Amino acid sequence: MTPTSNDPTLAVVRLRRARRVLLTCHRNPDGDAIGSELALAELASSFGVESVIVNRDPAPVTLSELPGVGTVMVAETLPDDFPEGYDLVITVECPELERAGFNGLDQAPILNIDHHRANPAYGEVNYLDEEAPAVGEMVWAMFKAAGVEPSVEAATNTYVALATDTGDFCYSNARPRAFRAAAEMVERGADPPTISEWVHDGRTEASVRLLGEALKNLRFGCDGRFASLAVDEEAFARAGADSTDTDEIINIPRAIGGVEAVVFCKQWEPGLVKVSFRSRGRVDVCSVAASFGGGGHTNAAGCTFKTDLETARRQVETSLTELLGGQG
Ligand code: AMP
Ligand code: MN
């Protein structure tokens with residue numbers, strides 16, 4: 001049977017046994033993915049285990065101050081010395097292996113670390129915890145289980161992971177467990193005001209211009225209970241934006257009174273539409289994302305369509321109408 005646990009010990013034991021690790025995460029990485037990878041690289045190094053971080057897509061510029069972020073490589077294919085040069089792959093936040101965006105990752109043993117719903121435990125070892133507020137919190141627990149003192153850098157990186165995935169401790173995953181871990185990270189040197197400045201005040205001009213493009217076609221459904229946004233390739237071009245500039249846009253209509261869910265459809269290359277969902281309370285957008293082959297969490301989810309933008313947008317709007325209609 002594949003060892004699967006929400007206890008960090010198995011993951012620590014497996015990492016300690018490795019000699020050289022390839023760390024990777026889901027496409028279009030966010031704060032939880034990058035922060036967790038960097039902290040894991042430090043934990044590996046404390047065991048004398050070498051590691052290399054390789055992601056398929058670049059991180060948003062708001063994460064460019066993270067300690068050690070310069071070591072993160074971005075590539076379309078796995079390194080030339082893979083798999084021979086590695087005896088372990090760690091996937092961070094990949095509910096399916098394909099979400100990492102690399103072919104052939106399964107040629108080495110995998111340690112799968114995730115907090116998404118319905119991760120099928122595809123690893124040799126699986127450290128999975130749906131209840132975890134962020135993978136960064138799970139990595140923090142690995143330091144504790146290993147008896148390794150986290151550095152200021154590890155505290156900072158895991159705090160970024162936790163703060164971004166909980167929406168600055170405002171989403172429904174901001175439960176006592178998140179605050180306990182945050183308190184420990186701050187005790188170890190993470191500085192919330194500095195991190196908040198990096199993450200919120202380090203935006204690009206292009207991301208604000210893209211917000212303008214998205215708001216031009218803002219529309220609502222179910223009597224204002226959901227909002228819908230979309231940007232196509234031309235909008236990206238007018239804004240001078242790329243896939244890393246989309247992050248906070250979805251939160252703007254979410255702040256409108258009465259809006260329970262938001263969907264944001266993004267098309268930055270022909271024939272491919274990346275859809276993000278956010279919601280409040282019991283409105284389960286993960287079920288909608290999952291019905292289109294995606295996934296995520298109750299209040300934050302996503303999926304991908306291989307169609308044109310308007311077709312994808314109509315389909316997800318119809319599903320949201322059904323979801324909210326059923327919840328009257
Ligand atoms: P995003 O809108 O990209 O920030 O994603 C919100 C949440 O949904 C994150 O936890 C993602 O990992 C998850 N998610 C996004 N896209 C997908 C997908 N295609 N399949 C599974 N989960 C996804
Ligand atoms: Mn996460």
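Arg314 is partly exposed, with 48% relative accessibility; that label covers whatever falls between buried, under 20% relative accessible area, and exposed, over 50% (1.4 Å probe, protein chains only). Its partner here is Glu310, and the two form a salt bridge whose closest N and O atoms are 3.0 Å apart. A salt bridge, by the way, is a side-chain nitrogen of Lys or Arg within 4 Å of a carboxyl oxygen of Asp or Glu. Side chains of opposite charge can pair when their charged atoms come close.

Before we go on, a word about what you're looking at: this is a predicted model, where local features need pLDDT of at least 70, side-chain atom pairs count only at pLDDT 80 or more, and totals for chains, interfaces and linings use all residues. Residues are numbered from 1 along each chain as its sequence is written, chains are lettered from A and ligands numbered from 1 in the order in which they are written, and side-chain values use heavy atoms, with hydrogens and water left out.

Back to our pair. Arg314 and Glu310 sit four residues apart in helix H11 (residues 309-326), so about one helical turn separates them. (Helices are DSSP runs of H or I with at least four residues, strands are E runs of at least two, and both are numbered from the N terminus.) Glu310 is partly exposed too, at 33% relative accessible area. Salt bridges with shared partners link Arg219, Glu310, Arg313, Arg314 and Glu317 into one network.

How many salt bridges does the whole structure hold? A search finds 20. Another one joins the side chains of Arg209 and Glu205, at 2.7 Å from N to O. Both residues belong to helix H7 (residues 205-216), four residues apart, or about one turn of the helix. Arg209 is partly exposed at 48%, while Glu205 is exposed at 54%.

Helix H7 also reaches out to another helix. The side chains of Glu213 and Arg238 meet in a salt bridge, 2.8 Å from N to O. Glu213 is in H7 and Arg238 is in helix H8 (residues 233-239), so this pair ties together parts that are 25 residues apart in sequence. Is Glu213 buried or exposed? Glu213 is buried, at 11% relative accessibility, whereas Arg238 is exposed at 54%.

Helix H4 (residues 152-165) and helix H5 (residues 176-187) meet at an angle of about 150 degrees, with their axes 9 Å apart. Those axes are lines fitted to C-alpha atoms over the stretch in contact, and angles run from 0 to 180 degrees between N-to-C directions. That makes H4 roughly antiparallel to H5, a label for angles over 145 degrees. Ala155, Thr158, Tyr159 and Leu162 in H4 meet Ala178, Ala181, Ala182, Met185 and Val186 in H5, where contact means heavy atoms within 4.5 Å.

Val21 is buried, with a relative accessible area of 1%. Leaving aside residues up to four places away in sequence, Val21 touches Leu15, Val49, Glu50, Ser51, Val52, Tyr86, Leu88 and Ile90. Thr24 lies in strand E2 as well, and Thr24 is buried at 0% relative accessibility. With the residues up to four places away again not counted, the contacts of Thr24 include Glu37, Val54, Ile90 and Phe102.

Note on methods. Angles under 35 degrees count as roughly parallel, over 145 as roughly antiparallel, 65 to 115 as roughly perpendicular and the rest as oblique.
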